[in-house]
Amino acid sequence: MLKQSLLSLALATGLSTAAHAESVNILMEGVPDTEYVKTLLPEFTKETGIEVNLEVVNYAEMHTKLVPQLLASKGSYSAIVVDFYWVGEFTKAGWLAPLDDMIKADNFDTSVYVPKMMDLVGQVDGVTYMLPFYNYAMGLLYRTDLLEDEANKAAYLEATGMELAPPKTWGEYLEQVKFFTKDGMHGVVNQGLRPDPIAMEWSNYLFANGGEFHDADWNATLNTPAGVAALEQYKTNVNEYGPLGSASFSFDEAFNVMAQGQAYSYITYNFFRTAIDDPSQSTVAGKVEIMPVPGQEPGVGASLNGAWGWAIPKSSPNPEAAWTFLKWVESKKIAKERAMQGGSPTRIDVFDDADLNAKFDYMGAMKDMLLTSHNFPVFTYTPQLVEVLGRELSLAVADEATPADALAAVEAEMNELAKKDGKQK
Amino acid sequence: MNQSKTMEAADRRFGWFMSAPSLALLLAVILFPVFWALFTSVHDYTLIAPNFDTFTGAENYISAIQDPAFRHSLGLTAFFVAAVVLFEFLLGFIVALMLNSVERFKPIYYGILLCPLLMNPVIVGLIWRMFLHPSLGIVNYLLTVVGFEPVNWLGSTQMAIWTIIMVDIWHQVSFMIVLLLAGLSAMPKEPYEAARVDGARVYQSFFYITLPLMMPVIIVTLLIRMIFAVKTYDLIYIMTRGGPGVATDLVSYSIYRTAFVSLNVGEASAMSAILLGFILLLTVYLYRYMRSLT
Amino acid sequence: MNRLAKKIVPHIILTVFSLIILMPLVWIVRVSLTDKLTAYKIPPEIGTLGLNNYVDIFERFPFVTWFANSFIIAIVSTAIALPLATAMAYSFARLNTGGALLRLGVLASQMLPPIILVLPLFGVFLFVGLTQSRVSLIVAHLSISLPFLSWMLVSFFEGDMARLEEAARVDGASRWQAFLLVAVPVAAPGILAAGLLGFILSWNEFLFVLVLSGPGTQTLPVGLASLETHAGVEIAPLAAATVVSLLPVFALLPFLRKHLIKGLSLGALK
């Protein structure tokens, strides 16, 4: 009795202060794509008469803000955006409304999305809970001007016997990192801050060495030759070829090193490709290109995938209006307009759009990157895995644990989490 | 006899009357959350299954105490709190004494030292991250100009916690100054005049008059600052996320992770209750000590 | 010589200290006048200075809303907390209301990390239908400031002051008069500092605002934190916003000038 009344007093019962029928409240994080959506909202209001209130919060604090809202039976938000980290948690807790009925009723075509996107922030166990909003798959940013420099070409040929060109394999890339670390220039800048910057970045190293997080039965496969090699390489890059302090860099610090022209390469979220051409942030505008993180063989991508999806929480005060908004914002026309402003698409037809490719010649590379990317394990405890991974990687980089010990620790905790979640039998 | 009893009763009524509005508000707003947290700490309450179906007794407490990471963060927090409270107090008391002794420019000094206090820890963290960037930050640049090696402020396991302490001092030392200065301003003047007549030296009147009379204010200031320092979370979140390794993993950040990353609100509540126990003990000790002085 | 030293030494110490506090602030002003590229240039370059970021914070972000919310919530919660806390502190100090247990109990709620309190607190406000309103933020901030302010003020009501009140009571003053006309004026510096503390607590509070606010009720800390985005920190607009958000200090200066001096002289009356 006490338990029940406590619970109901705390979270279950609620009065909604939110939204009239003609307005949708959406909670979003601060990213370029949010800004682009903002510019297009007047069109939506003109078309449908529905007002949209975008509430933007710090991306890292968003989870804290969302959870109480989702626990309530009636919250304040009509629609939300969900990081792939939270997909497992939110669906397991039953906080997201399935979209399949609405998708069917409106004949909304979800086959236009990159399949990996739908796996990540679309469907869970065959039920569609989200529409992929934008992707933040990681790519390799590298300095084209340094590759084209004749002196560099000659020196590189002499040192390695290879032509200096965008790296086709991971081994070639590591050679270049070593080669370009000279005269105050760094071969690479890393984002070594725990937990997500380091965990996300290192995942690319893992895939590039041919490793994966787990096998088909969700047994962790990190303390393996590929995993250990990836961590050794990461450590070397941070401590020998990177700038001082990159063990504590978030992507902002690392990006600034790249943007100030002090590093040859940086593996990071693809939307920094747009930012690096912005002369108010970057001295190397026009001198940087992006490509999929190279793998063991030419043509094999090792990029880590990442994305946010649109979702309608079960606590939404007005799911119908929210759906009206979702299908508008994810229509080809609006998705294209967002991409034209510099956004990161998730739809194949947007990637293939002629106008877009005419404007940004790296769109093909972006599409390749997604098609050959790898997904991070998505399950209920993804954030905790990121946390554990980040902690142990950070310990290894700081020389407080050997790579094998660090990875063994992650493996043990990952297996436990997978068991707890019922993924591992 | 009888009269003094009615006087006493009237006093008591007056006291309750004076504190009733505050108490009513606190009861209405904060009692339930505190009770909820304690209740949750003895249940298996997670964000995935937010219910009180499984009573677990002391299980959450035991698993928290057995967790080496939690014990590490408790120890680190004790060190951090001791360091910031001590340094901020010493520095703050000196500045407060100086401020109390001047008339000219006083509002200007006061206005300047209020500025950091009006900055949110999130902003302070972001701004200092920029200043302390190892290769692109102004601080290392100035150090190299005067001939020092650049310092790895946040990326070295030895340095990071001291960097956080220094930033915290810059941010919060004025808190001490404001409270201590208020205490100094409220001091009676006669003892000093009497001491001067008796020919006491400056340090004598400081140790025999200022310090004893200031004791209640000093203790309360230390206590309040200590409670805030234990709850330091935003600065860590913005600047290091507990890293590198586990070098700056303060307990409030670890509790946050347990609740909102591991989704285990029950254990996070138990960790909070353990923390509450420590602070409460310390508070009782300081409070007794304060009573013993008067 | 000695007298001169006595006059000058405090100013030297205070000037050095003020400079240490001030230097980072000066650099923030500098960053606010340039762009991210120039802000990170080492060795520093002047670059092109301009007020773009100041325009930016008003055009791209609802800065006025953030600022107004912060200010209103901090002022109102302090205006309510100060008299309530003063009265409670007085009853604790003079009349020992509720004894040590109540005193500790009042503070104990603040010894739990707020992250643990925020879920049930959200539940409370949901229950009474006040989420996303300014009222809920004011009440939440009161729950933080009341315990601290009253603890702080207790120490100002203790000590010799009781004798002064006794004297006033013998002269025929009522309890109320003794409180308002003797105790409050003597504790004025403490009350002023408590007011400042209450304002600062509310002004900087982040977590409760994050969870309890809505689009129209975000305050500066939550609003400015959103400038740390998934695509990097918008450091230049952030610096500009920080500069503008420090304006209350300068608004307070005339008030401080009057009361800092007055607070002193009231203390000296005794």
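The exercises below work through the chains of this predicted model, each followed by a solution in steps.

**Exercise 1. Describe the overall make-up of chain C: how many helices and strands does chain C have, and what share of its residues is buried?**

Step 1. Chain C has 14 helices and two strands, and its C-alpha trace spans about 70 × 70 × 25 Å along the principal axes.

Step 2. Of the 270 residues in chain C, 55% are buried, where a residue counts as buried if 20 or more other C-beta atoms lie within 10 Å of its own.

Step 3. When contacts in chain C between residues at least 6 apart in sequence are considered, 79% of them join residues at least 24 apart.

**Exercise 2. Compare the UniProt annotation "transmembrane region" with the model of chain C: which residues does the annotation cover, and what are the helix contents of residues 104-129 and 135-157?**

Step 1. According to the unreviewed UniProt entry, the annotation "transmembrane region" covers residues 12-33, 66-92, 104-129, 135-157, 178-203 and 235-256 of chain C.

Step 2. Residues 104-129 of chain C are 73% helix and 0% strand, with the end C-alpha atoms of the span lying 31 Å apart.

Step 3. Residues 135-157 of chain C are 100% helix and 0% strand, and here the end C-alpha atoms are 31 Å apart.

**Exercise 3. Characterise the sides of chain C that touch chain A and chain B: how many residues take part, which helices give the most, and what are the residue classes?**

Step 1. Towards chain A, 28 residues of chain C are in contact with 36 residues of chain A; H6(C) supplies the largest share of the chain C side, six residues.

Step 2. By class, this side of chain C, the one that touches chain A, consists of 15 nonpolar, ten polar and three charged residues.

Step 3. Towards chain B, the contact takes 90 residues from chain C and 81 residues from chain B, and helix H1 of chain C (residues 2-32) gives the most to the chain C side, with twelve residues.

Step 4. The side of chain C that touches chain B divides into 68 nonpolar, 16 polar and six charged residues.

**Exercise 4. Examine how the two domains of chain A meet: what separates their centres, and which helix gives the most to the domain 1 side?**

Step 1. Chain A is divided into domain 1 (2-135 + 306-371) and domain 2 (138-292), whose centres, taken over C-alpha atoms, are separated by 31 Å.

Step 2. Nine residues of domain 1 of chain A are in contact with eleven residues of domain 2 of chain A, and helix H18 of chain A (residues 363-371) gives the most to the domain 1 side, with four residues.

Step 3. That side of domain 1 of chain A has five nonpolar, three polar and one charged residues.

Notes:
Residues are numbered from 1 along each chain as its sequence is written. Chains are lettered from A and ligands numbered from 1 in the order in which they are written. This is a predicted model: local features need pLDDT of at least 70, side-chain atom pairs count only at pLDDT 80 or more; totals for chains, interfaces and linings use all residues. Two residues are in contact if their C-beta atoms, placed from the backbone, lie within 7 Å. Ala, Val, Leu, Ile, Met, Phe, Trp, Tyr, Cys and Pro count as nonpolar, Asp, Glu, Lys and Arg as charged, and the others, Gly among them, as polar. Domain bounds come from an automatic or database domain assignment. A residue is buried if 20 or more other C-beta atoms lie within 10 Å of its own, exposed if 12 or fewer, and partly exposed in between; C-beta atoms are placed from the backbone. UniProt positions are given in the numbering used here, feature names are shortened, and annotations may be inferred rather than shown by experiment.
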